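Dear colleague,

I am handing over a structure that will be new to you. Please look through it below before reading the notes that come after it.

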Amino acid sequence: MTAVLRWLGYIQASHLPFKELLKFVLFANFSIVGMNVSLMWNSVGFYQIAKLSMIPVSCLLEVVFDKIRYSRDTKLSILVVLLGVAVCTVTDVSVNTRGFLAAFIAVWSTSLQQYYVHFLQRKYSLSSFNLLGHTAPAQAASLLLLGPFLDYWLTNKRIDAYDFTIPSVVFMVLSSTIAVGTNLSQFICIGRFTAVSFQVLGHMKTILVLILGFLFFGKEGLNIQVVIGMIIAVFGMIWYGNASSKPGGKERRSHSISRSSQQKHGGSPESSEADDKV
């Protein structure tokens with residue numbers, strides 16, 4: 001697909017250092033493998049808790065590396081989103097050592113990969129299409145080479161021994177096609193906003209999955225707890241969008257310091273506000 005996008009002119013010639021590409025592919029591959037292994041080794045409840053912890057980890061990365069400062073309302077709105085999704089999805093929770101390790105790797109690698117999407121686009125002035133053009137072929141090649149061996153090590157099953165029926169192949173192709181749009185939307189969203197905003201938005205997917213499940217597969221799992229959780233989560237998302245877009249809702253720490261300094265000396269902070277506001 002990146003070859004087609006390059007042919008159509010959406011991907012232009014650009015530069016991404018090999019060292020940066022290698023780090024990104026490493027984080028992204030650990031993320032894919034880690035999330036799948038976490039789901040395989042953990043209960044669904046603990047898997048959901050691990051996914052919820054990505055927002056605090058993403059916040060920590062932004063605070064440490066980008067010196068981002070969050071307002072009280074922004075922090076509270078994130079907590080409300082986490083609470084709502086937890087009420088919806090977390091049921092049985094059981095933990096084991098290898099499952100916890102897989103979840104830990106999955107959470108940190110996914111958070112680092114999403115942070116890196118924003119970081120690389122900003123540092124090297126790459127568009128979402130250009131970054132995808134650099135990373136997708138490298139990811140595909142590395143996973144095609146290492147995937148079958150890793151799969152056999154984890155499941156003791158060989159990929160070539162799988163019974164490839166027509167329905168299974170159709171669904172694999174369909175899944176891969178949809179994944180192109182998923183990856184592209186991730187790069188566009190994180191490039192335009194930040195990894196934290198993408199994570200908050202991503203929990204809307206959880207709500208939609210639950211709603212579509214009820215519509216297509218019956219109302220077996222629908223109860224008052226799930227409905228209340230959905231309402232809380234959606235309220236938190238709306239609050240986050242409003243709180244983070246306000247002045248001071250989410251900004252670089254250096255900006256808040258320079259603004260107070262300018263005000264102290266009678267200067268106007270408006271000129272630097274556009275540059276430093278996230």
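This is a predicted model: local features need pLDDT of at least 70, side-chain atom pairs count only at pLDDT 80 or more; totals for chains, interfaces and linings use all residues.

Residues are numbered from 1 along each chain as its sequence is written, and side-chain values use heavy atoms, with hydrogens and water left out.

The protein chain contains 12 helices and two strands, where helices (H or I, at least four residues) and strands (E, at least two) are DSSP runs, numbered from the N terminus. Read from the N terminus, the order of these elements is α-α-α-α-β-α-α-α-α-α-α-β-α-α. Of its 278 residues, 40% count as buried, buried being under 20% relative accessible area, exposed over 50%, and partly exposed in between (1.4 Å probe, protein chains only).

Helix H7 deserves a look, since it bends by about 40 degrees at Gly147, with a proline, Pro148, following within four residues; the bend at a residue is the angle between axes fitted to the seven residues ending there and the seven starting there. Although H7 has 28 residues, its end C-alpha atoms are only 35 Å apart, short of the 40 Å that a straight helix would reach at 1.5 Å a residue (the expected span is 1.5 Å times one less than the number of residues). Among the buried residues of H7 are Ser128, Asn130, Thr135 and Gln139.

The second largest pocket holds about 440 Å³ of space, and the elements that give two or more residues to its lining are helix H2 (18-41), helix H6 (97-123) and helix H7 (128-155). A pocket here is an open set of points on a 1 Å grid over the protein atoms alone, where a 1.4 Å probe fits, with protein on both sides within 12 Å along at least five of seven lines, and lining residues have an atom within 4 Å of a point. Grid points are joined across faces, edges and corners, and the volume is the space filled by probe spheres set on the points. There are 19 lining residues, and Asn29, Phe30, Val33, Gly34 and Leu150 lie nearest the centre. H2 gives the most, with eight residues.

Finally, the structure holds zero disulfides, a disulfide being a pair of cysteine sulfur atoms within 2.5 Å. Cys59 is buried, at 13% relative accessible area, and Cys189 is buried at 11%.

With best wishes
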